[in-house]
Amino acid sequence: MRTVLIGLLGSLAGLAAQAATLSGRGHLEDGYHHDTTGDSSSGHRVEALLESRVSEGNWTLDSVLLGRYRSQYDDAGGKLEDRMEFDQDLRELYLTWAGDNWQWRLGQQQIAWGRGDYFRLVDVLNPLDLREFLLPYIDDYSLGRQTRPMAVVEIYGDSLEQQFVVAPKTRTTRYAPAGADFAITGRPEGLDEDDEHERPDIGWRGKTFVDGTDLDFYLFDGLSPDPLYVVEEGQLVEQQRRRSLVGASFARPAGDWVVRGDLVHLFNEPLQTPEGADDVPRSAALLGLDLTRNEWTVNLQATVSHRHGAPDSLQRATGWEASAAVLKDWSRQRLNAGILWLYNRDVQSSHMVKANLGYRPWNQWYLEAGYIGFSGGQLTQYGQFDDRDRLYLQVRRDFSL
Amino acid sequence: MRISLLGLGLLLSFPVFAEALDPTTIMRGVRDRDEGQDRRSELSLVQTMADGFVRERKLLMLEKEYGEERKSTLYFTAPSDTAGTGILMHSYAEAQAREDDQWLYLPALRKTRRIATNSKEGPFLGTDFSFADIERMRVDDYQYKLLREEVYQDRPVYVIEARTADGLENPRTGYSQRLIYVDRERKLILRDEFFRGGRQIKTFEVLDVAQVEGFWTVNESRMSNLVEGGETRLVRSAADYNLDLGDQNFSERALRNGIR
């Protein structure tokens, strides 16, 4: 990875030396939250993001640097620290070379597959960073995904666009350490990793447009980002297993609405079971509806997933998820209010609700206040954070370079 | 006797006059006027709200003709909270009676979203222009009546009234009636008054026109909002025609990569 970064930095210097065009932008954000349940604790986070693009001819170098100064974080060893500390992350650094009918990108990057929001049926290439349960980035998923080194080749035909992806280095979902606000209930920590991963992740996407409908098809083979916990030689170890999937997406207008969907079948999804671990086929489908009318935006989604031949020890083979989001703008998009509801039902139901009010008092300034609440049983996706309901306030200043 | 001769003259000339000045033909001429095979524009949207708040957005726009179809790419370059956002539009021949296809790229999601185009009366990025105002004109949305010829801003113009067939709002544009001032020689709309339910709600005015590379080009226009107050000026700081733009500039790839 270091070699790639050094090479790309060298490319940056080379491009800059050739009187390339340079553009940059970013934001500074200061956020404060106060938990309304549990210990009534509070937290503070300052964030700075800087994006840059250097272009020369058919070459482009993109980078995204994120720095945070926050009250709760985990260090490199996954240990909780409860004091204000600074950390930074060169999230993206990739070089693009584009021809008339092809393009390749090389470097640390992210790729978003699928038509779903919040629910990632086919968005499998970049694991999530769940240290804060995506709360700061639920409206900006590009910061919620963990980026990784990838080589991407895209070929543009008359009726079919193809994307080939190779990602040599695996990454796992990043969880909050024990004791943190959003630590996952019952997740073992500090285990040895059993990771003999000889093959890179590989993916293919084909994209076409038929009679007003966007159609995408996906193939993927790679490691699941969610580790399993298995006993080997009398010891509990953390293990990543491979999974393969075939998927498809579509989107098309229908009157005032846009109808969209994802469909996926995993041939062998790694699954934690009461007995240990298993590989179980699973199918899932998502249907979404979007409406934008005057100053209203409505977004509805429902997903269903079914595990085929799941072991009897699993209480339920079929799971449901749903979301509803409504956004209203006033005063020419200076004032807005939104509400988001997320629902999950595996064995039991759980919910998350976010309500917010935003205002732009001046150009490039944005103030937002809101409430986030969780409900459900202690072992459910959202209910495990039932004591983390919170009020928040944040101010953001965007800038250009 | 002189009155009778004048009346006879008008009577004789009327069929020719009516054919030459068919308002629907005039509007088709506006829609189909020569704007080159493709073009690139640098634009600013300067919005002044009723309370004096000013917001400016800058964008690049590429357009290319494909026979009677047109593809356009809009790419926002400023301010920073909008920069990177892109819109791709495919407009089909009016005879196909097919709605445009539109896609919106949101850099925060790294995703391109499909947009419904059935209704275009909503504001374009919160400005006083609607999506219908910026799309390629659809002549068949209205029935036309030539009201008069006059001089407007030192230019000879046709003043044409446009009404929906049933007198109600056009469900796609949100307008029931328009009063359009068309430059007779340049085939440009110099002024457009928009009505809903018999009430004028917006006024479009061209403020600056120049010939660029042989093509008449609107360099500055203004849409005034008569209901909420405020206005949005559309300023074209650069225009280039017939650049032989490649098809890759009119694809989702262009939205992600940006255009220059």
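Strand β12 (residues 215–225) of chain B gives the largest share of the lining of the largest cavity, six residues; strands here are DSSP runs of E with at least two residues, and helices are runs of H or I with at least four, numbered from the N terminus. A cavity is a set of points on a 1 Å grid over the protein atoms alone where a 1.4 Å probe fits but cannot get out, and its lining residues have an atom within 4 Å of a point. This is a predicted model, in which local features need pLDDT of at least 70 and side-chain atom pairs count only at pLDDT 80 or more, while totals for chains, interfaces and linings use all residues. Residues are numbered from 1 along each chain, chains are lettered from A in the order written, and side-chain values use heavy atoms, without hydrogens and water.

The largest cavity is lined by 47 residues, and D133(B), I134(B), E135(B), R136(B) and F204(B) lie nearest its centre. In the second largest cavity, 31 residues form the lining, with A112(A), R205(A), R110(B), T112(B) and E252(B) nearest the centre.

Contact, meaning heavy atoms within 4.5 Å, takes in 45 residues from chain B and 62 residues from chain A. Eight salt bridges link the two chains, each a side-chain nitrogen of Lys or Arg within 4 Å of a carboxyl oxygen of Asp or Glu. One of them joins R113(B) to D117(A), with the closest N and O atoms 3.0 Å apart.

Technical notes
On a 1 Å grid over the protein atoms alone, a cavity is a set of points where a 1.4 Å probe fits but cannot get out, and a pocket is an open set with protein on both sides within 12 Å along at least five of seven lines; lining residues have an atom within 4 Å of a point.
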